[in-house]
Amino acid sequence: MLYSVLDTGNFFVIPGSPIDVWAAESYSKTHSKSQLRKENGFDTDDMLVLIVGSSFFYNELAWDYALAMHDLEPLLLKYAGSDEAGFTSKFIFLCGNSSKDYSDALQDVATRLRLNEQSVKHYGINSDVNGIILMADIVLYGSSQDEQGFPPLLTRAMSFGIPVIAPDKPVIRKYVVDGVHGVVFPKNDPEALKNAFSLLISEGKLSRFAHSVASSGRLRAKNMFAEECIIGYAKLLEYVFDFPSDVLLPSRPSQLNNSIWEWSLFRMELDQISSNTENLYLEGSSGPNSGIVYDLEEAMLNDPTSSNETQDHSENPGEDIPTILDWDILDEMESSEEVDRLEREEIEERMEKNIGEWDDIYRIARKSEKLRFEVNERDEGELERTGQPICIYEIYSGAGGWPFLHHGSLYRGLSLSTRSRRLSSDDVDAVGRLPILNDTYYRDILCEIGGMFSIANGIDDIHKGLWIGFQSWRAAGRKVSLSKKAEEVLEKTIQENSKGDVIYFWACLDMDGGIVGNNDLLTFWSTCDIMNAGRCRTAFEDAFRRLYGLPSNVEALPPMPEGGGHWSALHSWAMPTPSFLEFIMFSRMFVDSLHSLHINTSKPSDCLLGFSAPEKKHCYCRLLELLVNVWAYHSARKMVYIDPHSGLLKEQHPVEQRKGFMWAKYFDITLLKSMDEDLAEAADDYDHPYKPWLWPLTGEVFWQGVYEREREERYRLKMDKKRKTKEKLLDRLKHGYRQKTLGGG
């Protein structure tokens, strides 16, 4: 908790845990107060008061206890300094370790205050803390520090059913109600502490009020941190996980009310934990032998190889341990080597060197400059992919997707954010290839297909394979990514059948709707409606109608079969590179048509394809995720489903069965190219249908006029170069050739 205050950027602290309560209950089942008092030399009638302090000082007698002794002086003088109280009171201090120094220090204080003999006793944190708390009648929290979390020792005391007294610190007031769950007194007020103490004692025993406070405190401790702990873990999940846009998000953690621990759900696990921490205070989190260091030590002790090595060197145990003399000799050797190295470098700098002919130097420099960029770009990942028939680009948008990405020559990361690229990797920076993705609005509404646009933009610079594939990081999160066996099957199938337009996909669209007892599968368009707030068909039909300029009386929703079969999802598929470029050509125009409809609505900032805020933020993502199915079905591509686990191949929706249903004329490559050139010509002439126009920003803008203009520009530069060369030759013939003097103006 202290670290979270000092460094709010690196620590996320979740307060509270049921382990203290469960450990106390488990300890109470196997130990009794009377037996513990007998073992520790206390009588049954003794009034035992346990003083505990801050959790941050275990191995030293902190200022906490010095201040506590000052505040406790009137209390000690009244109950342990005389026999007027009518009963025997003993004060136990729980701090430090069980060494004689602590006991002597406390006894010196007791002697100075003239307290009764053996009225003050000390126990260390490394002793049986649970037993010490259980045999006490009252637990007093005497720390003067403002801690960030509720003291764990007070939680244990309340769980044992022992009344507690604590100063009115903010963290105490947050959980304990004065007079209900415990007694709270003004800090640094000895008189108030004495009055609070007197409320719990009546005629040498605990008063009725003390028993009531102890009972209420025990019930309070059982679920005291449940709400904060549950809400803390829920917030942590919100920070860590990047939920997909097509999932139904849970309610906000702040809406949780009256949260309690479900003890029955993790009873067995807590039994196992508490058995390991029964006699240690907060074992596993704050104990002296807890943490990863203890685990490593235990592993090393149990390692047979380490024991063998120890036995081999047991004859001369000091042989491998360097002494101070060894370190001094090593320092002298390093110093002399450094001096020798500097002398050699200085001598080499003063000696004349044959640098060679100027022609050779110039040729080497030009060659290194020419090869410099190629060497930088052909890194290890690219060399591994050389000669492979396919490369699958895994699309991710943040560091949260790193654990779900694959490693190896078959895969290459595609980051939608420059800052979120993996370190020491050859992941593609989608923003660097497509600047529109630098705008978070467009990056959010396009999602994975924005990364595909970036790959298609100048694809020859980055992808030279015959086949190309994509896979969202969510595929691995849903356990539908390709296994090793499926990868081998895919590569082998591609190599054997390199010809033909085929799309292989391995992540399927969920068509059962998740309705228990419903045997009727959903159709493609009904599933799309569910994913897009019930407006998938309307949006697709309007965008398709606008894209092709269809009149209102013509059907504009491409028909999809209502029978069985799988459809692609999560952008997890592979196809030939030329087919991919054709798909991107259609997708760019469709996305532009869909975006123009959204811009022309009465509320452009409001997305009609989603209900929740994440769905509206990623407005087009769920619709574009299914776009490849419509394109592949109606462009007569062979669709093959490959099982991501077993690698079995099965053709879906055979082309022969699609005849009479396909709208092939709308997906003809000749038509798409002519439409693409028309849009490029309009963009080249700055004839934008709306602003900002999305289509020119999603890829290359090219038409015949651009080619002719570039050819004319190259011809003009060529003629200018010839003219300048001719003028230079005429000038030399007229005035002669004179070389400028070195250093001349």
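This is a predicted model: local features need pLDDT of at least 70, side-chain atom pairs count only at pLDDT 80 or more; totals for chains, interfaces and linings use all residues.
## Salt bridges

A salt bridge is counted here when a side-chain nitrogen of Lys or Arg lies within 4 Å of a carboxyl oxygen of Asp or Glu. Side chains of opposite charge can pair when their charged atoms come close.

Helix 31 spans residues 704-735 and contains both R716 and D720. The side chains of R716 and D720 form a salt bridge, at 3.2 Å from N to O. These two residues are four positions apart, which corresponds to about one turn of the helix. R716 is partly exposed, with 40% relative accessibility, and D720 is likewise partly exposed, with a relative accessible area of 24%.

R723 and E727 provide another salt bridge, again with an N to O distance of 3.2 Å. In helix 31 this pair is also four residues apart, so about one helical turn separates R723 from E727. The relative accessible area of R723 is 41%, a partly exposed value, while E727 is partly exposed at 43%.

## Packing of helix 20 against helix 25

Helix 20, formed by residues 448-456, packs against helix 25, formed by residues 577-599. The angle between them is about 125°, and their axes are 10 Å apart. Helix 20 is therefore oblique to helix 25. The crossing of these two helices is left-handed.

On the side of helix 20, the contact is made by I449, M452, F453, I455 and A456. Helix 25 contributes F580, L581, F583, I584, S587, R588 and V591. By residue class, the contact of helix 20 with helix 25 comprises 10 nonpolar residues, one polar residue and one charged residue.

## Backbone geometry in the loops

Most residues other than glycine have a negative phi, and most peptide bonds are trans.

C447 has a positive phi of about 60° although it is not a glycine. C447 belongs to the loop between helix 19 (440-446) and helix 20. With a relative accessible area of 11%, C447 is buried. A533, which is not a glycine either, also has a positive phi of about 60°. The loop that holds A533 runs between helix 23 (524-531) and helix 24 (536-548). A533 is buried, at 12% relative accessible area.

The peptide bond from K691 to P692 is cis, and its omega is near -10°. P692 is located in the loop between helix 30 (669-684) and helix 31.

Notes:
Residues are numbered from 1 along each chain as its sequence is written. Side-chain values use heavy atoms; hydrogens and water are left out. Buried means under 20% relative accessible area, exposed over 50%, partly exposed in between (1.4 Å probe, protein chains only). Axes are lines fitted to C-alpha atoms, for helices over the stretch in contact, and angles run from 0 to 180 degrees between N-to-C directions. Angles under 35 degrees count as roughly parallel, over 145 as roughly antiparallel, 65 to 115 as roughly perpendicular and the rest as oblique. A crossing is left-handed if the near helix is turned anticlockwise from the far one by less than a right angle, and right-handed if clockwise. Contact means heavy atoms within 4.5 Å. Ala, Val, Leu, Ile, Met, Phe, Trp, Tyr, Cys and Pro count as nonpolar, Asp, Glu, Lys and Arg as charged, and the others, Gly among them, as polar.
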